[in-house]
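Trainee: I would like a close look at a single part of this model. Please take it in one connected answer.

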Amino acid sequence: MTLGTTTQAYGEPSYWDNRYTQDPGPFDWYQKYPALSPLLHLYVPLHNRVLVIGCGNAAISEDMANDGFEDIVNIDISSVVIEAMQTKYQDIPALKYIQMDVRDMSGFESGSFDAVLDKGTLDSIMCGHNSQENASKMLEEVGRVLKDNGVYILITYGAPAYRLPMLKKLSLWTIKLHVVEKPMADGNSEQIKWELTNAVSLDESGSSVETALGRTPEVHFIYVCTKDGSLQSSSSKQEIEF
């Protein structure tokens with residue numbers, strides 16, 4: 001992959017169009033499907049309608065379809081990558097690709113999806129201009145298109161001290177935290193130190209995570225946010241599940 005640019009460009013469609021033109025081969029951010037499969041099966045039944053945001057040219061959606069997931073809608077801001085993926089997967093009915101900005105998903109009705117999968121998209125927005133405003137727009141849209149009791153699965157390098165405040169600000173969902181070891185240079189993960197399907201104890205500030213995992217754990221954080229409509233209308237206090 002060509003990385004000769006500042007992270008500020010990550011929020012610009014032109015950057016991604018150029019990147020996918022120069023690097024058309026498949027690339028999965030952070031983790032590949034086999035590492036995440038047990039968690040996805042824990043929270044997302046195969047018949048659920050799934051939205052993958054910032055899909056790029058990752059293979060994870062194809063792997064999900066091959067594993068039995070029946071309805072996977074993929075969106076990306078780059079028209080270049082969407083056109084390529086539409087052509088590549090035109091014969092796989094379970095996979096749909098649509099060019100769309102995650103900050104404005106007005107093409108989808110409210111409550112359209114059972115699950116939203118985000119593997120690095122929020123992180124990308126946080127690296128761009130007007131990051132806080134754009135991240136808020138994105139999360140509001142994610143909450144809108146999710147059904148009640150639907151799940152937003154956020155896979156990120158962002159520790160609880162940085163990601164919990166923005167997730168809690170919406171007063172929209174209950175949150176569980178899981179972690180998965182970062183892959184090594186050879187693509188394999190280190191010796192498993194924490195079972196993926198076991199949630200990590202999570203307090204209001206997220207400081208309990210450091211107690212459980214240490215100060216600088218070599219993990220990706222996975223926030224499983226379950227939409228609870230009663231939280232949005234009742235108060236601004238975010239419920240945290242343990």
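Trainee: How many residues line the second largest pocket, and which of them lie nearest its centre?

Mentor: The model is predicted. In it, 18 residues line the second largest pocket, and Ala-159, Pro-160, Arg-215, Pro-217 and Phe-221 are the ones nearest its centre. Two or more lining residues come from each of helix 7 (160-168), helix 8 (207-213) and strand 7. By residue class, the lining of this pocket splits into nine nonpolar, five polar and four charged. The volume of the second largest pocket is about 280 Å³.

Strand 7 spans residues 219-227 and includes His-220. His-220 has a relative accessible area of 6%, which is under the 20% cut-off, so it counts as buried. Its side chain makes a polar contact of 2.9 Å with the side chain of Gln-31. Leaving out residues up to four places away in sequence, His-220 touches Tyr-30, Gln-31, Thr-156, Tyr-157, His-178, Val-179, Val-180, Lys-182 and Pro-183.

One cavity of 30 Å³ or more turns up in a search of the whole structure. The largest cavity holds about 70 Å³ of space. Its lining consists of Trp-29, Val-52, Ile-53, Gly-54, Cys-55, Ala-58, Ile-60, Leu-117 and Lys-119. Strand 1 (49-53) and strand 4 (113-119) are the elements that each give two or more residues to that lining. Seven residues of the cavity lining are nonpolar, one is polar and one is charged.

Notes
Residues are numbered from 1 along each chain as its sequence is written. This is a predicted model: local features need pLDDT of at least 70, side-chain atom pairs count only at pLDDT 80 or more; totals for chains, interfaces and linings use all residues. Side-chain values use heavy atoms; hydrogens and water are left out. Helices (H or I, at least four residues) and strands (E, at least two) are DSSP runs, numbered from the N terminus. Buried means under 20% relative accessible area, exposed over 50%, partly exposed in between (1.4 Å probe, protein chains only). A polar contact is a pair of N or O atoms within 3.5 Å; within protein, one must be able to donate a hydrogen and the other to accept it, and residues adjacent in sequence count only if both atoms are side-chain atoms. Contact means heavy atoms within 4.5 Å. On a 1 Å grid over the protein atoms alone, a cavity is a set of points where a 1.4 Å probe fits but cannot get out, and a pocket is an open set with protein on both sides within 12 Å along at least five of seven lines; lining residues have an atom within 4 Å of a point. Grid points are joined across faces, edges and corners, and a volume is the space filled by probe spheres set on the points. Ala, Val, Leu, Ile, Met, Phe, Trp, Tyr, Cys and Pro count as nonpolar, Asp, Glu, Lys and Arg as charged, and the others, Gly among them, as polar.
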